[in-house]
Amino acid sequence: MDFTRTIQKNTKNKLSGQKLFQNSRKILLLIFIFSSLITNGQSSPDFNLLADKAFLKLYQNSDECITYTQGILVSDQNTEHKIVLQNIISQAFAMKGDYVQSVNIFAQKEDTDQKNELSYFMQIFSDYNLADQYQNLGLYNQSKRIITHLLSDQKLLKSNDPALRITTAKLYQLQALNSGINRDYPAAFKNLDKSNHYLSDHNEENRILKMENRIFRSSYLLKQNKLTEYNLLIESIISDLEQQKNQPFLLGLAYENLSQYYFLKQDYTASVKKLEAGLSLIENLPFNNLKIKIYESLSRCYYALHDDAKYHQYNKLYNELKTKTDSSSREGIRYIVKLVETNQNKNIEFQKLMFLKSFLPLALTLFLIVIGLLTYFLMIKSKNKDLKKQFDFFEKQNNEKPQPILLNKVSTTAKDSGSTKISREKEDEILQKLEEFEKSDGYLNKNMSLSMLSSQMEINTKYLSEVINNKEKNFNGYINKLRINHIVQLLRNDSTFLHYKVSYLAEYSGFSSHSAFTTVFKSVTGMSPNAYIQEISKTKAV
């Protein structure tokens, strides 16, 4: 009996020891995993899996993505990991239309190490992050400039590091979007091809970026009227996404894309069907930017279908959400400009944006140019006040190729007065910036504002405001004149626009209302939109 008790006791002790050992191993394993998550760089497989899941959630539910990613961020002290996670959170806020929070998350990286202490990956990713912020805020020139500089680095282009390769793919994708904004579709296609070259299929992030590239490609094919290629591609995209059943954002975006095709074909019922299918996927999700596009397209379709109730319903939803995001965008622009000013010594791109402050002689020269142009812009007056001038404008449009508003403008200020000396080179430089803006069609953007334009041109807001106010009375007058000239050319050169209602022409050219469009149109051309359309129609009928 004693022997049996001894055996039982020894066995019990062994089992307890084994249990304790197993528990200790589990604890040690957890400690090891946690420490690996903190200490390892981009090569950490645990972090890569967590970050990939966060990126997937970005396209499934922005709020869930933010909560999930912030949870990882709290426990991960690795600097490289932090900047990747902050970028995901920042993108999630941007997809919600909350640009202030998006920039705020981006700004948190400025509390990390100085630029010259960062790893090569962090330097590249930090600049990509800034380019991404600019792109979200509509500052496409700044975004393009950063990306062009980064993609000139052969070390980056030849790297086999997975983190650098996928960052390169994102840079080419952003550059494709910037090219598309400027309607340079060949360059957009080329950049999408290069983006795909750096992508694989080994994780969700790569696969999602590939799918985005396909959707962007289809959009550019449609804009170029390459309908056969477009149909094959968009149907393939939608088929693939419908099979996955876990990509509400991308599938909703694809449906919205396809609806544009049906709208152009004037099959408004089919367009509505695709839009409602897309909306049903994201209606209860915080993808506000995509909702804005769908609401706008639905209101346009129902307007064409003469369904006033549905038109007003979706137009109200569109205006409410657009007003909210536009306000956030303007605040985001002011925030990031201020951020650039206060951190110019930490980032070379910040220094470029703040060159007026960093290089005082150049800033003084630009100031003198503004003063020199002031007298000339004050001399511009409203034209076409009587019937003869109205038809003079009409004949001028028929007989001359329209020029940009500021093309060939030369300062007529009193340069010999002794008070100002204007460099012709600098004068041409600022005029060239305004001319490029007028050629870009950026004025059709309903979100265009004085602060956005000043950031794009890298001109102090006060100076730009003075230039425009003394030329066109105010900023809105300047933008509206560009819009009217643009719609006039479309009416003259594309007969399709002659059949559109004035309310659609107003919306197309970026005006908030039918009445505002009519008033500005008459002030610029000397005649009402309907009268102008009648004259154009008569001319084409002869």
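This is a predicted model: local features need pLDDT of at least 70, side-chain atom pairs count only at pLDDT 80 or more; totals for chains, interfaces and linings use all residues.
Helix H4 and helix H6 (residues 120–136) pack at an angle of about 10°, their axes lying 10 Å apart. H4 is therefore roughly parallel to H6, since angles under 35 degrees count as roughly parallel. On the H4 side, the contact is formed by Thr79, Glu80, Ile83, Val84, Asn87, Ser90, Gln91 and Ala94. H6 contributes Phe121, Met122, Phe125, Ser126, Tyr128, Asn129, Asp132, Gln133 and Asn136.

Of the 542 residues, 49% count as buried. The accessible surface of the chain comes to about 27100 Å², and carbon and sulfur atoms account for 53% of that surface.

Helix H3 (residues 62–75) packs with helix H4 (residues 79–96) at an angle of about 160°, and the two axes are 9 Å apart. H3 is therefore roughly antiparallel to H4, because an angle over 145 degrees counts as roughly antiparallel. The crossing of H3 and H4 is left-handed. From H3, the residues Ser62, Asp63, Cys65, Ile66, Thr69, Gln70, Ile72 and Leu73 take part in the contact. They meet Lys82, Leu85, Gln86, Ile88, Ile89, Ala92, Phe93, Met95 and Lys96 of H4. The residues of the contact of H3 with H4 comprise 10 nonpolar, 4 polar and 3 charged.

Attention may now pass from helix pairs to a single position within a helix. Ser329 belongs to helix H16 (residues 308–342). With a relative accessible area of 3%, Ser329 is buried, because a value under 20% counts as buried. When residues up to four places away in sequence are not counted, Ser329 touches Tyr99, Leu137 and Asn447.

Lys245 is found in the loop between helix H12 (227–244) and helix H13 (248–264). Although Lys245 is not a glycine, its phi is positive, at about 60°. The relative accessible area of Lys245 is 73%, so this residue is exposed.

Asp441 lies in the loop between helix H21 (424–439) and helix H22 (450–457). Phi of Asp441 is near 65°, again a positive value in a residue other than glycine. Asp441 is buried, because its relative accessible area is 16%. Lys245 and Asp441 thus each have a positive phi, whereas Lys245 is exposed and Asp441 is buried.

A further loop position is His499, in the loop between helix H24 (475–493) and helix H25 (502–508). His499 has a relative accessible area of 69% and is therefore exposed, since the cut-off for an exposed residue is over 50%. Along the chain, His499 and Ser537 are 38 residues apart, and their C-alpha atoms are separated by 9.9 Å.

Conventions. Residues are numbered from 1 along each chain as its sequence is written. Side-chain values use heavy atoms; hydrogens and water are left out. Buried means under 20% relative accessible area, exposed over 50%, partly exposed in between (1.4 Å probe, protein chains only). Accessible areas come from the Shrake-Rupley method with a 1.4 Å probe; for residues, only the protein chains shown count as cover. Axes are lines fitted to C-alpha atoms, for helices over the stretch in contact, and angles run from 0 to 180 degrees between N-to-C directions. Helices (H or I, at least four residues) and strands (E, at least two) are DSSP runs, numbered from the N terminus. Angles under 35 degrees count as roughly parallel, over 145 as roughly antiparallel, 65 to 115 as roughly perpendicular and the rest as oblique. A crossing is left-handed if the near helix is turned anticlockwise from the far one by less than a right angle, and right-handed if clockwise. Contact means heavy atoms within 4.5 Å. Ala, Val, Leu, Ile, Met, Phe, Trp, Tyr, Cys and Pro count as nonpolar, Asp, Glu, Lys and Arg as charged, and the others, Gly among them, as polar.
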